[in-house]
Amino acid sequence: MDTPVPQPVRPPAPERVQWGRVGSLVGGQAAVQLGSFALLIAMNWTAVEIGGTRAVTLLMLAATVPRALMLIFGGAVADTLGPRFVLLRTTAARVVLLAVGAVVTAGTQQLWPLVVIALVEGVLLGLAGPASGVLLPMFARGDQLARANSLYAMVLRVAPILGAPAGAFLITVGELWVALLAGAVTGAVWLGCLLHVTHGFVRPEPEPGVSLVKRSGDGFRLLARHPRLRWMFVAALCLDLAFSWPAEVALPLLVSERGWGVGAVGVVLAAFSVGALGSSALGAALAHRIPMFVRLVVTGAGLAAGIVVMALMPSVLSLTVVAAGVGLLSGLNGPAIVTLYQQSAPEDRMGAAMSTLSLAGIGTAPISIAVFSSLSLVLGIQTTWLVCGAIAFVSPVAAVLALRHPVHGEEPAAVEPAVTASV
């Protein structure tokens, strides 16, 4: 599965993007993300039927806490063993887990199999996350990396839009085991794509005397040493921190408070998703022609302003229009943050860098919900929402400071991983 002995590396390919590998990567992610969101809906709904709110809370904790913790080690594992080693094994293990889970849940209606599946899957996804983030900079460089990241972002936008109703359909016409089996099948598709995407990859040269435990702190050491990465981390952290609570908690509360009806929540979220999907498609085609300052700073300021304005909208229509605009800006800003982070990270510590960036997103959601939910009890929903908007304005300021610092080292080139590799 892996070539243990490093081989010579082919000189940089003449094309700026290895679209064959990028296509396999994006196509495989489209399949596995669709299956993952469908499975998420099916498992949560099953947990509600088994044990109500407590069961869903336990399931969410089992899935998210191990994943966040393993992200720290996932970066070190990816840098030490290589992305091929990590991704093939974690993906294969996840396929087996879901297949076995389908067999187990077909014969029982208890909660414990769901918790075990969520726990193990969280560990596997946490280990695999940074390794996945390493791949695109290997196949695209310069401004073309922004296009590849925008294309990748499109998949992440489409997956919940299609996956949520697919999960509801699967749990309606069948049972949980059907959704688990579907997740295993889409995982197998992703595994097949990975075999092509990582073909010819070799494991990095080992560093004598450096353990995985020591390297698990590389991501935080990078933030301490490189101001450009540090400010980009702050930009991502503040934006995710400011957006999580309004989107997941405050929106339904605000809608209910104003008597607009639950359907307004779906309309607003759909408008945001459509806007983000549209701008991600635009970025896939034209991101290399849009200045980084516009994609990163201007859109960041627009996002912060949009969050503030959303809290003040007097009608469902005006709120929906603003949400669509916020989605449009988000579809450009998110890939820009990822692109600049990848371009600024040392190539041999890319996994560690991506683990900290992932933590800025995954790790902030529960903190945002806990902090701002408590604050809203004192200040009210609208005022707390405005506080979130004020925090979001830190993101474009941090982005400006990041752009003022030089990139560390040379930008990673789009290089064929080994002599035997072909696209």
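Is asparagine 333 buried or exposed? The points below take up this residue after a look at the whole protein.

1. Model and overall make-up. This is a predicted model. Its secondary structure consists of 15 helices and zero strands. The helices named below should be read against that background.

2. Size. The C-alpha atoms of the protein fill a box of roughly 65 × 60 × 40 Å along the principal axes.

3. Burial and contacts across the chain. Of the 423 residues, 50% count as buried. Among contacts in the protein with a separation of 6 or more, 87% are between residues 24 or more positions apart.

4. Asparagine 333. This residue is found in helix 11, which covers residues 316-344. Asparagine 333 is buried, because its relative accessible area is 3% and the cut-off for buried is under 20%. Leaving aside residues up to four places away in sequence, asparagine 333 touches Leu239, Arg295, Leu296, Thr299, Gly300 and Leu303.

5. Helix 8 and helix 12. How do these two helices pack, and at what angle? Helix 8 (residues 227-257) and helix 12 (residues 350-362) pack at an angle of about 20°, and their axes are 8 Å apart. Helix 8 is therefore roughly parallel to helix 12, since angles under 35 degrees count as roughly parallel. The crossing of helix 8 with helix 12 is right-handed.

6. Residues at that contact. Which residues of helix 8 meet helix 12? They are Phe233, Ala236, Leu237 and Asp240, and on the helix 12 side the partners are Thr356, Leu357, Ala360 and Gly361. Sorted by class, the contact has five nonpolar, two polar and one charged residues.

7. Leucine 237. This residue lies in helix 8 and is one of those that meet helix 12. Leaving aside residues up to four places away in sequence, leucine 237 touches Ala360 and Thr364. How far apart are leucine 237 and alanine 360 in sequence and in space? They are 123 residues apart in sequence, while their C-alpha atoms are 4.8 Å apart in space.

Terms used. Residues are numbered from 1 along each chain as its sequence is written. This is a predicted model: local features need pLDDT of at least 70, side-chain atom pairs count only at pLDDT 80 or more; totals for chains, interfaces and linings use all residues. Side-chain values use heavy atoms; hydrogens and water are left out. Axes are lines fitted to C-alpha atoms, for helices over the stretch in contact, and angles run from 0 to 180 degrees between N-to-C directions. Helices (H or I, at least four residues) and strands (E, at least two) are DSSP runs, numbered from the N terminus. Angles under 35 degrees count as roughly parallel, over 145 as roughly antiparallel, 65 to 115 as roughly perpendicular and the rest as oblique. A crossing is left-handed if the near helix is turned anticlockwise from the far one by less than a right angle, and right-handed if clockwise. Contact means heavy atoms within 4.5 Å. Ala, Val, Leu, Ile, Met, Phe, Trp, Tyr, Cys and Pro count as nonpolar, Asp, Glu, Lys and Arg as charged, and the others, Gly among them, as polar. Buried means under 20% relative accessible area, exposed over 50%, partly exposed in between (1.4 Å probe, protein chains only).
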